Amino acid sequence: MSSLILQTFRRQLLLRAKISRNLTSLPIRCVLQREGILPKIVSIHTCSLLPNKTTLQDDVSLLVAKQDPDTFGTLSPSVSEPEVVDEGDLREENFLQNLPSRSQKLSTKQYADLIKDHLKNNRVKEAIDVLEVRMKEDRVKPINYLFNLVIGGCARVGYSKKAFQLYNKMKQHGLKVTGGTYTSLFNACANSPFLSDGLHKANRLREIMIEKGYEPNESNYNAMIKAYGRCGELKTAFQLVDDMIAKRLNVETDTFNFLLQACISDEEFGFRHALLVWHKMYRMRSLPDIYSFNLLLRCVRDCGLGDLETTEKVIEQILYRHKPVLPEEKHEDRICIDDGNSEISHNASESQLANINQEAISEGAPNLLSRKPHLGSLIALGEIRKPEDRLILLGGPQGFLHEMELAKVQPDIKTMTELLEVIPPTNVAEKQILSTVRRYGIRCDIDFFNILIKKRSMRFDYDSAREVLTMIKTARLEPDIVTYGVLALGCRNQEEAQSLLREMSDAGVRPNIQILGAMLRQGMATQNFRYVTGMLQIVHQLRLKPNEKFLQHLENFNKKCEKLSQDYEQNPRKANYENFKLECNRYKLKLDYWKEQMGLQGLDWDTARGIVREHPWEQFKQPQADGFEATKNPKLRHKKKKHHSIRKLVVDESTSDDRVAEAKRLE
């Protein structure tokens, strides 16, 4: 037993001696010797023969851990905490600490009502923030219904970029993409201000639908037809209708209305396509509605017939297909569209077409709008170039309204406004429209009278244009900013312009850049330099931002002045040379000073137009200004514009000379 104790004591002495040697060999040896600490440590380990058992174990464990290869230190100096805290860390800490209360969270219906209220008042940014900001702060996961609401709101205003961003977020959240989502996205493509971008997005979305094996429904097809039609891809729009027919989907009046919108986008051949669509609608037993007739009038106003040879074949096709068909004859049940180069096949013989034309002549005036179309006494199409000429092919104003009566469709004020734009530019035709409005008892709005003022101003009948203000007052309506804009077209000199501006000031209406641009154009047309510089001065005084059209007018006027200067230099003896040179030099000096005030000094016109150009989506990135909410602005509380009857309006009867002139023009 005593030998065992001696062996244990000897091992402890050897271990302590070894530890002392290791300790004296550490790098801090010199420091410890200089401070007089090392001798004390050695004496403690050598002189204490019987140390405390607990102290010995602690010292040994610490020193062994110091030399343990598994214990890691650091080779870099100690670094203090940064004074600037990362913003991401702050957001994360705020997100984790500031938990929302139960009262802060809303139900799905409450979030939906909040989004609908914003969209109803045109607060697009606020509606997006509810989905992307408010619900994130409330720690509420959105559902696809809320995404569809915001996507639909963005689609209605043409904010296609944001609509597709929300669509991608919707997929990232793992939410189900419904048919309503695709419909809204195609509507966003249709309403996009950038046609090429809208067409690209529509093609990509259609590819996604095919990849996923999604079968479009009728609403999806109508939205696709609308998107491709408005983006100018007419062939694809017509092919989609053929697909609907092949899949036995219902092709109703709404589908044909979207096809008519597609025809409007083709300014060269659109009227010809519209005739084919119209009679295809009759053959498929779809009845036109008020939108169909209004869209057809838009085609009359904006679209042409194209080349005469193909148009004649289209008309022959329309006339032949409405003849009695023999049992053995078959017709292709597809909607055809021609691009002006293709031949339209038909089985009618020369004699049959001759018989059709002979019967049509006996009918009198042409009418290609009827269920039984005919050309009447029309012989050639070469003189049909203007909107009023194309309206004659549809039976004229009275024939058009008669077809609406047969279809049991009541014309509205939009119909009469569209009809006012395509009638001949004469007082006789305009008074007939006013009489028709009174006869049907249609309540007029201010837009109808604005078009009447514009029509009279464009034919330089400025006195008659001013008379419309009396009609507006009699109809108990108030002029709006557009009214003063079309009246500005009749300001031939600076005095008339100043008079109109005073009238606007008395009415509490602030001039905009469009009104001043119309006045500027009048001054340029008459080469009235003082009139032009006066408008530039007013733009600066009112602190208005010039738009692209305003700068385009200035550029065109400068080119015109340079051309006139060259003509005068070649012929110095020409009259008014000195006066023109003096006024032109003065105008150039004032123009340079105006460009300097507007921040456009030293810029070419293309660069200047790029600076003043406003991005159409910029308005959706800014919150709505105060005072424009429906609850604050009484004028915005009305969902529709004011409509009043014009029964008190006295329409002068047309003189006999006017009637004779109108009859000769129609002949």
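Buried means under 20% relative accessible area, exposed means over 50%, and partly exposed is in between (1.4 Å probe, protein chains only). The model is predicted, so local features need pLDDT of at least 70 and side-chain atom pairs pLDDT 80 or more, while totals for chains, interfaces and linings use all residues. Numbering runs from 1 along each chain as its sequence is written, and side-chain values use heavy atoms, leaving out hydrogens and water.

**Exercise 1.** Decide whether Ser464 is buried or exposed, then find its partners.

Start with the location: Ser464 sits in helix H24 (residues 462-474). Its relative accessibility is 11%, so Ser464 is buried. Next, look for contacts (heavy atoms within 4.5 Å): beyond neighbours within four places in sequence, Ser464 touches Asn427 and Arg456.

**Exercise 2.** Classify the ring pair Phe448 and Phe449.

Rings of Phe, Tyr and Trp (its six-membered ring) pair when their centres lie within 6.5 Å; planes under 30 degrees apart are stacked, over 60 edge-to-face, the rest tilted. That rule gives 16 aromatic pairs. For Phe448 and Phe449, the centres are 5.5 Å apart and the planes at 80°, so call it edge-to-face. Phe448 is buried at 0%, and Phe449 is buried with 0% too.

**Exercise 3.** Do likewise for Phe529 and Phe557.

Here the centres are 5.5 Å apart with planes at 55°, so the pair is tilted. Now check burial: Phe529 has 7% and is buried, and Phe557 is buried at 3%. Finally, zoom out: ring pairs join Phe529, Phe557, Tyr568, Phe580 and Tyr587 in a cluster.

Terms used: Helix = DSSP H or I, 4+ residues; strand = E, 2+ residues; numbered from the N terminus.
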